[in-house]
Amino acid sequence: QAMAPLHPVAVQCQEAQVVVTVHRDLFGTGRLVRAADLSLGSASCLPVSQNPAERTVTFVAGLHECGSTLQMTPDSLIYKTSLSYKPTPSGNLVIVRTNPVVVPIECHYPRKSNVSSNAVWPTWAPFHSTLSAEERLMFSLRLMDDDWSTERLSNGFQLGESLHLQADVASEGHVPLRLFVDDCVATLSPDRNSSPRYAFVDLSGCLVDGRADDTTSAFISPRPRQETLQFVVDAFKFAGDDRNLIYITCHLKVSPADQAPNPWNKACSFNKASSLWAPVEGTGDICSCCETGNCPLHG
């Protein structure tokens, strides 16, 4: 018993993979299990390394490898797999001296993040939000040149010009993800709840600024890739304020790319030619709540 580790199975949920370290004294009896009897996931992936000195074996697998499954909740991506120990007879082929074991393993990744700009004018510098804590997705919001090829370097805008905004998520190692912009607000300070404030994307993905008579604001369709969403917003300033300075904060989220867009995961623009809301992908009915204003907050 004195030799038994307190935690015979240790799990690290990294940005793109899961690392499982198993102490071969799995039952705390001092009898070591055979590494060949351990496997990960429904695909029965084998250990990638052993440490004889520490009596451990280590598995390393991409988040959607080895037969793992993905569950999505309103707030999280949850990757599920399991460690299996299946004893095989040794010596006497008739008997075994240990029981099989299945250890459920989960990695949770928050699927939402707030990403903010620096001041748009006169001091805009392209801004990246990198959440470096373990178990986080990395979102970014960038101001791009008019042809979307590079980040915009100049500081200011004239009224009548357009802001080209690009939201991204680094999804390497995850199942294919599709990025959405839930909402974007403009304020005169970095506090997104300060007043005055103008929400130009709202209602879980409606670019409501494009509904005004004098704008051409819209999401860009098609996307360049599923984990990127581009949108154009006509430049504006707050009435009665001479600072000519705004901050932009956007709330971004992801869903599995193979999940059909719906009223709570959508990117909708107003088409002035047809006087209808149209989605970047999905059927037109998912945008109907952009007109009525009763879009569901989550599903």
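Begin by selecting Arg-142, Glu-151, Asp-168 and Arg-225, which are joined in a network of salt bridges. A salt bridge here is a side-chain nitrogen of Lys or Arg within 4 Å of a carboxyl oxygen of Asp or Glu. The model is predicted, so to speak of local features requires pLDDT of at least 70, side-chain atom pairs count only at pLDDT 80 or more, and totals for chains, interfaces and linings use all residues. Residues are numbered from 1 along each chain as its sequence is written, and side-chain values use heavy atoms, with hydrogens and water left out.

**Further salt bridges**

By the same rule, the count of salt bridges comes to 11. Select Lys-112 and Asp-75 next: their side chains meet in a salt bridge, at 3.8 Å from N to O. This pair links distant parts of the chain, for Lys-112 belongs to strand β9 (residues 112-116) and Asp-75 to the loop between β6 (69-72) and β7 (76-85), 37 residues apart. Strands are DSSP runs (E, at least two residues), numbered from the N terminus.

Buried means under 20% relative accessible area, exposed means over 50%, and partly exposed lies in between, with a 1.4 Å probe and protein chains only.

Now select Glu-106 and Lys-80, a salt bridge whose closest N and O atoms are 3.9 Å apart. Glu-106 lies in strand β8 (residues 101-110) and Lys-80 in strand β7, 26 residues apart, so the pair links distant parts of the chain. Glu-106 is partly exposed at 40% relative accessible area, as is Lys-80 at 30%.

Move on to Asp-241 and Arg-243, whose side chains form a salt bridge of 2.9 Å, N to O. Asp-241 counts as buried, at 16% relative accessibility, whereas Arg-243 is partly exposed, at 45%.

**The nonpolar cores**

Which residues touch the most other members of the largest nonpolar core? Of its 54 residues, they are Val-181, Phe-200 and Phe-231. Such a core is a set of buried Ala, Val, Leu, Ile, Met, Phe, Trp, Tyr and Cys residues joined through side-chain atoms within 4.5 Å. Strand β12 (residues 177-187) gives the most to this core, with 5 residues. At least three residues come from each of domain 1 (9-110) and domain 2 (138-292); these bounds come from an automatic or database domain assignment.

Centre the view on Val-181. Leaving aside neighbours within four places in sequence, Val-181 is in contact (heavy atoms within 4.5 Å) with residues including Ala-167, Leu-229, Phe-231 and Cys-250. A second, separate core of 9 residues includes Cys-206, Trp-277, Ile-286 and Cys-289.

**Aromatic rings**

Rings of Phe, Tyr and Trp (its six-membered ring) pair if their centres lie within 6.5 Å; planes under 30 degrees apart count as stacked, over 60 as edge-to-face and the rest as tilted. By this rule the count is 7 aromatic pairs. Select Phe-270 and Trp-277: their ring centres are 5.4 Å apart and their planes stand at 65°, so the pair is edge-to-face. Phe-270 counts as buried, at 11% relative accessibility, and Trp-277 counts as buried at 11%. Then select Tyr-198, Phe-200, Phe-236 and Phe-238, which form one aromatic cluster.

Finish with Arg-152, which lies over the face of Phe-157, 4.0 Å from the ring centre. A charge sits over a ring if NZ of Lys or CZ of Arg is within 6 Å of the ring centre and within 35 degrees of the ring normal.

Conventions: Helix = DSSP H or I, 4+ residues; strand = E, 2+ residues; numbered from the N terminus.
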